[in-house]
Amino acid sequence: MTRAKTCRFLGFVFLGVLSVTAGGQETCASQPAGLSPVESQPAGQSLVENGRFQIPGDDEPVKGWTVWRPGFRPNSCDVRRTDEGLLMESPGRPFAVGGVNQQIPGVKPGSAYRIVATCQLRNVLSPYRSVMVRVNFLKSGRLIHPSGMLVRGPMAAGELVRFDDVLVAPEGTEMAEIWLEVKWLQGGSVLWKEVSLVPCPPPAPRRVKIGTVYLRPRESTPEKNLELFAEKVIEAGELGLDIVCLPEVLTVVGTGKKSYEVAEPIPGPATERLGKAAREARVWVVAGLSELDGETMYNTAVLLDREGKLAGKYRKVHLPREEWKEGVSPGHEYPVFETDFGKVAIQICYDWFFPESHEIFALRGAEIIFAPTWGDTSPEKDGMVFGETVFRVRARDFGIYLVPSVYDGSSMVIDPMGRILVSNQGKSGLFWCEVDLNQREPWPWVGYWRSIGPRDRMPHTYGDLTSEMPGPNY
């Protein structure tokens, strides 16, 4: 049985400057690195007053900009105009904060605006955490969303760094604010060169049709299993899907075989058969297999491209007792793969018990994590948390789409807010949902988590997570 569903959610949505269609065509590309601050600004009339910080102000360092400071004034950054731009630094105060802001009238609801800012960083230990450009939208003088939206960046451009994004003003917008913020420079400094906000066409949505399979063969053989799952790949192509996820060790389930009895090289016969189906269907495929590499066996998931070629593989890192007893070896890498619609990663079953792997994938840019899984993704029962809830929390915690394909529980597509967009709900077959990877939906009180969470991490305090601890002696 096949079930089709298209999912769209409306609300406070922002579209990024990098927009790639499912076919891989760029529709609104960012400027290439290495441009001067003037050349990197978009064409058109900027709505920002004194965007190059050249005109002195009467009460402020520069005209048009208001300095902001924290409530606890001793922990403020110094802000002053120089011949080269607007300088922010805090010598002797490593955790000082501060910046400037400007209100911009004439911003219209539903219209798109490209925001570009360039600055020079000197000895800033963590640019992503410490230097930010934020845009707030206001109605009747009040914030439409309390956190506004962080502009994408900083991105390297020679000696400078650049922030570059396209935002769509939400319904009700009457005015915008641009904030240039610094946080915890720890001895470094930021020299702002130029800021602009220019009306532009909105970027096209980046729609992707994602499929997941629920199918548990019984009294079968490895060869029959490959044919059954190849049929689902063909079906995905007939539906026009971009990618489909198959379950874990699919040549094992229902065959009575052990992993070591069906293990084979990758690439090998199994990837050749599934690759043939992928090529015929013109669809990306994620599939779990048992891999034999010389005298080492892994639980592996492969990524096949639309030509049926091996685009990458992930070896399961976290192994339960059932697997290491059989002699399965753990993987030790967390690769992220480029596709023609975005960045994806793969985890396998027991990996979902460990949030660290999801965080690594997200920090490396993965937008969707596919999860070939044996089980169990059942909903809560008797107050206990099962896999369905954990998968939803993992998606929400790291701002990613999660797509498990299972034998026990439910195969699902889960969005970055933790919503289940589609689920097999006890039925066998192929289940799919269309999503827009350019959609940036904010949490009501925090904002768009994918851009905020990584900035607010404190990795220097996490040392115990990367050391061999003695354990809690349970």
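1. With which residue does Asp165 form a salt bridge? The partner is Arg152, and the closest N and O atoms of the two are 3.6 Å apart. A salt bridge here is a side-chain nitrogen of Lys or Arg within 4 Å of a carboxyl oxygen of Asp or Glu. Asp165 belongs to strand β11 (residues 160-168), while Arg152 sits in the loop between β9 (149-150) and β10 (155-157), 13 residues apart. Helices (H or I, at least four residues) and strands (E, at least two) are DSSP runs, numbered from the N terminus.

2. The model is predicted: local features need pLDDT of at least 70 and side-chain atom pairs count only at pLDDT 80 or more, whereas totals for chains, interfaces and linings use all residues. Residues are numbered from 1 along each chain as its sequence is written, and side-chain values use heavy atoms, without hydrogens and water.

3. Asp165 is buried, at 0% relative accessible area, and Arg152 is partly exposed, at 30%. Buried means under 20% relative accessible area, exposed over 50%, and partly exposed in between (1.4 Å probe, protein chains only).

4. A salt bridge also joins Arg273 and Glu227, with 2.8 Å between the closest N and O atoms. This pair links helix α4 (residues 269-281), which holds Arg273, to helix α2 (residues 222-238), which holds Glu227, 46 residues apart. Arg273 is partly exposed at 25%, as is Glu227 at 36%.

5. Arg282 and Glu307 form a salt bridge at 2.6 Å, N to O. Arg282 lies in the loop between α4 and β16 (284-293) and Glu307 in the loop between β17 (296-304) and β18 (310-315), so the pair ties together parts 25 residues apart in sequence.

6. The count of salt bridges comes to 27.
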